[in-house]
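Have the model open while you read.

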Amino acid sequence: CELGALKTSVRATWLALGAIALWATLAPVGVRLSHLPPFLTAGCALLIGSLVALPWSGFKWRLAIVPASSLLLGVYGLFGYHFLLFVAFRTAPAVQANLVNYLWPLLIVVLAPLFNKHTQLKLRQVMAALAGFAGAALVMTGGKAISADFDVGYLAALASAFIWATYSLMTQRVKAFHTAAIGTFGLVSGVLSLACHVALETSVALSAQDVGLLIWMGLGPLGVAFYLWDAALKNGNAQHIGLLSFITPLGSTVLLLIDRQEALTPLVAMAGLLIVGGAYLGRNTGPQEAANDPKFEN
């Protein structure tokens, strides 16, 4: 049983890392699509991402059907998170807003005991989460001081972080649904995003390059990544997965530097040490600890 629990935990880690790797590509692709209205970008990508559900379910539509409560949870997570994040980016400085948004991995670690009575918050995990957030802050601010002036956009960024953290944790509590149901969540969220585009944004024409980048965004960071993330949370420890998530801003920064043909800096290396070190510090320490998670019981 302990060996099986460890294998399941390792599999969950790799699933989470797959999602994180895809999310890391979102920044460079997003920069290239920054001339497009954000709700148009999100709506198109989410609709494309919903198509991933077809092969994921073996083309069995019934696997993507979920109760209304689960559908509301999915829309709460996918649409609510992106809606508030884009509001934050439009009303607050992007770096500060993104930094506040990346409180969500920390919130997953801290809030996990409230959603799972079998989960405990240990000092080691708190220290690991703080190290990860410090690394994320370092890589996103470039080590420079940021303005402390209050902006209403920060509240939207904080709300988006809270939504993604609680969505991730609540997926472990609702009635089990097939991962293919993420396609349904993406479909409804994409339609709502496009409705916001029609109501709030100016229409634009898409170039061939725009279409290609939107297809990648939809299939990758706003598609397969969601499916991997859901599978990881269903098989792994939410606190450890939350700590791994701090790798996302680090990966995004490295890919942006590569895309711009800029050299990696010692500051990025230091941020990497904090993030990876935090994830290592907060890991499951062995088979017994993995087996103690109620998801791994026989």
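## How two helices cross

H3 passes H5 in a right-handed crossing, meaning that the near helix is turned clockwise from the far one by less than a right angle. This is a predicted model, where local features need pLDDT of at least 70, side-chain atom pairs count only at pLDDT 80 or more, and totals for chains, interfaces and linings use all residues. Residues are numbered from 1 along each chain as its sequence is written, and side-chain values use heavy atoms, with hydrogens and water left out.

Helix H3 covers residues 38–50 and helix H5 residues 68–91; they pack at an angle of about 155°, their axes 10 Å apart. So H3 runs roughly antiparallel to H5 (the term is for angles over 145 degrees). Helices here are DSSP runs of H or I, at least four residues, numbered from the N terminus.

## Who touches whom

On the H3 side you'll find Pro38, Phe39, Ala42 and Leu46, meeting Leu78, Phe83, Phe86 and Arg90 of H5 (contact is heavy atoms within 4.5 Å). Sorted by class, this contact has 7 nonpolar, no polar and 1 charged residues.

## The salt bridge

How many salt bridges does a search of the whole structure find? It finds 1, counting a side-chain nitrogen of Lys or Arg within 4 Å of a carboxyl oxygen of Asp or Glu. The partners are Lys234 and Asp230, at 3.0 Å from N to O.

Both sit in helix H11 (residues 208–235), and because they are 4 residues apart, about one helical turn separates them. Asp230 is buried at 3% relative accessibility, while Lys234 is partly exposed at 25% (buried is under 20% relative accessible area, exposed over 50%, partly exposed in between, with a 1.4 Å probe and protein chains only).

Technical notes. Axes are lines fitted to C-alpha atoms, for helices over the stretch in contact, and angles run from 0 to 180 degrees between N-to-C directions. Angles under 35 degrees count as roughly parallel, over 145 as roughly antiparallel, 65 to 115 as roughly perpendicular and the rest as oblique. Ala, Val, Leu, Ile, Met, Phe, Trp, Tyr, Cys and Pro count as nonpolar, Asp, Glu, Lys and Arg as charged, and the others, Gly among them, as polar.
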